[in-house]
Structure formats: structure tokens, C-alpha cells
Amino acid sequence: MKYAVFFMRFFFLFLLLVVPIAAYIQVRNATMGQARMVKNLEGNILIMKKNINNLEQELSEQINYRQIERLARARHGLAFIYENQNPVVVVREQSK
């Protein structure tokens, strides 16, 4: 009987202490795993933004703005470039 009471108390303490601690550790590890995934995604997004910026830079270097301005002046005047309804791309497509 003495041993039974001891094991019952031990089992009760085990349930009160070890199970919540184990659950906490499990939740913490899962949260840390998700945080690592979010950090990796943020890094990938930053890399993609840099790639997009580099591609935009390359594209802007390839555009011949002087030719576009010349065509705009010859056809519709310089105000044609600055109007929202008529982007510069339209002038370039019409010249082909």
C-alpha cells in the first residue's frame, strides 16, 4: 500500500509537470520551424526583388529615349509622352 501511494503520487506529479513541459517544447519547436520557413521566404523575396530591379535596370538601358522623343515630336508633339493615356510604348510600337 505504501508503494502504491508513492507510485500514484509520482504518476500525478509526472502528469502535472512532464506532460505540459513536453507539450510546450513540441509547440515551441513547431513554431521555430515555421519561423525558419518564413525567414527563408523573406530571403527569397528579397533575392527576387533584387533580380527584378536588375532586370528593370537592363531594360531601361536598352530603351532609346532619344528616338522615342524624336518620334513623339514628329507625330504629336512632346506632350504625347507625358499623357497617361498614351504611354511611351505606344510610340515605339507604331514606329515598327
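pLDDT is the predictor's confidence in each residue, from 0 to 100. This is a predicted model, and its mean pLDDT is 80. The protein has four helices and zero strands.

**Overall layout**
- From the N terminus on, the order of elements is α-α-α-α.
- The protein has 96 residues, and 6% of them count as buried.
- Its accessible surface comes to about 9,000 Å². Carbon and sulfur atoms account for 63% of that surface.

**Helix 1**
- Helix 1 covers residues 2-62, which makes 61 residues.
- At 1.5 Å a residue, helix 1 should span 90 Å. Its end C-alpha atoms lie 89 Å apart, so the model agrees with that expectation.
- Helix 1 also has a kink of about 30°, centred on F14.

**Helix 2**
- Helix 2 takes in residues 65-75, and I68, L71 and A72 are buried there.

**Confidence**
- Across the protein, 78% of residues reach a pLDDT of 70 or more.
- Over residues 89-96 the pLDDT is below 50. Beyond near neighbours in sequence, this stretch has ten contacts in the model.
- Where pLDDT is low, the predicted coordinates should not be read in detail.

How values were computed:
Residues are numbered from 1 along each chain as its sequence is written. This is a predicted model: local features need pLDDT of at least 70, side-chain atom pairs count only at pLDDT 80 or more; totals for chains, interfaces and linings use all residues. Side-chain values use heavy atoms; hydrogens and water are left out. Helices (H or I, at least four residues) and strands (E, at least two) are DSSP runs, numbered from the N terminus. Buried means under 20% relative accessible area, exposed over 50%, partly exposed in between (1.4 Å probe, protein chains only). Accessible areas come from the Shrake-Rupley method with a 1.4 Å probe; for residues, only the protein chains shown count as cover. The expected span of a helix is 1.5 Å times one less than its number of residues. The bend at a residue is the angle between axes fitted to the seven residues ending there and the seven starting there. Contact means heavy atoms within 4.5 Å.
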